[in-house]
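Colleague: I want to know what stands behind the labels. Please go through them with me.

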Amino acid sequence: KDSGVEFVFIRLGGRGTTEGAIYADEMCQTYYEGAKAAGLKVGGYFFSQSISPEEAAEEARYAMSIVEGWELDMPLVFDWECLKENYRTVNVDARTLTDIQLHFCKTMTEMGYQPMIYFNWHQSEKLYYLSELEEYPFWLALYQDRMTYPYKVEMWQYTDQGKVPGIAGNVDINVYMP
């Protein structure tokens with residue numbers, strides 16, 4: 001916090017990129033306690049590799065089980081990514097992915113959490129029907145020095161090469177613009 005960091009998003013867990021099993025982030029409770037002790041605002045995210053609304057529901061339930069009892073100041077984020085051609089998500093089409101996002105966000109809203117959708121420019125052009133998702137806040141990963149994206153976003157991840165005292169290695173740095 002002394003370095004200017006105001007908030008953190010803690011990875012709650014994810015789904016395997018090839019086999020599809022859900023896994024926990026073993027450090028998320030420790031990170032949550034440390035962030036709260038430092039006076040930081042906290043949100044969470046789930047690294048999704050879901051290929052159906054049913055899997056998104058499973059991921060939503062899992063994420064909610066992790067944050068039960070937490071005091072969240074920031075949204076719970078659905079971070080769906082297709083990173084490589086051999087990942088199980090490679091053939092998910094825009095209709096399915098939009099339905100997956102809608103299901104996750106509706107489930108979070110019904111349970112009293114504020115959802116948020118994380119994506120990059122390519123995903124937004126090729127893999128989503130954004131007009132169907134506009135009631136939920138967007139978090140855009142766009143690594144450049146100025147915002148050029150035409151849609152309204154509430155969070156902008158402008159680099160994955162940031163440095164934060166006390167953290168070894170690079171850190172994603174974001175601007176929150178609600």
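What follows is a talk about labels and the rules behind them.

Modeller: This is a predicted model, where local features need pLDDT of at least 70, side-chain atom pairs count only at pLDDT 80 or more, and totals for chains, interfaces and linings use all residues. Residues are numbered from 1 along each chain as its sequence is written, and side-chain values use heavy atoms, with hydrogens and water left out.

Colleague: What makes the sheet open, and which strands stand at the edges?

Modeller: The sheet has 8 strands in the order E2-E1-E3-E4-E5-E6-E7-E8, with mixed pairing. Strands are DSSP runs of E, at least two residues; helices are runs of H or I, at least four; both are numbered from the N terminus. Strand E2 (22–24) and strand E8 (171–176) each have a single partner strand, so one side of each lacks a neighbour in the sheet. The twist averages 30 degrees from one strand to the next. That angle runs from 0 to 180 degrees between N-to-C directions, with axes as lines fitted to C-alpha atoms, for helices over the stretch in contact.

Colleague: How do you know that E5 and E6 pair?

Modeller: Two strands pair if DSSP finds at least two bridges between them. E5 (residues 115–120) and E6 are joined by 4 bridges and run parallel. Therefore they pair. One example is isoleucine 117, whose bridge partner in E6 is phenylalanine 138.

Colleague: What is the hand of the crossover from E5 to E6?

Modeller: The chain goes from E5 through helix H4 (residues 121–126) to E6, and this β-α-β crossover is right-handed. The term means that, with the strands pointing away from the viewer, the path from the first strand over the helix to the second runs clockwise.

Colleague: And what pairs with E7?

Modeller: E6 and E7 (residues 155–162) are parallel, over 3 bridges. E7 and E8 are antiparallel, with 5 bridges. In E8, isoleucine 173 is the bridge partner of threonine 159.

Colleague: Why is methionine 147 called partly exposed?

Modeller: Buried means under 20% relative accessible area, exposed over 50%, and partly exposed in between (1.4 Å probe, protein chains only). Methionine 147 has 31%, so it counts as partly exposed. This residue is in the loop between E6 and E7. In strand E6 (residues 138–141), by contrast, Phe138 and Leu140 on one side and Trp139 and Ala141 on the other are all buried.

Colleague: What makes glutamate 71 and lysine 36 a salt bridge?

Modeller: The rule asks for a side-chain nitrogen of Lys or Arg within 4 Å of a carboxyl oxygen of Asp or Glu. Here the closest N and O atoms are 3.9 Å apart, so the pair meets the rule. Glutamate 71 lies in the loop between helix H2 (53–67) and strand E4 (76–80), and lysine 36 in helix H1 (residues 28–37), 35 residues apart. At 53%, glutamate 71 counts as exposed, while lysine 36, at 24%, is partly exposed.

Colleague: How do you know that glutamate 55 and arginine 88 tie together separate parts?

Modeller: Their closest N and O atoms are 2.9 Å apart, and they form a salt bridge. Glutamate 55 lies in helix H2 and arginine 88 in the loop between E4 and helix H3 (94–110), so the pair ties together parts 33 residues apart in sequence. At 16% relative accessibility, glutamate 55 counts as buried.

Colleague: How many salt bridges does the rule give?

Modeller: The count is 10.
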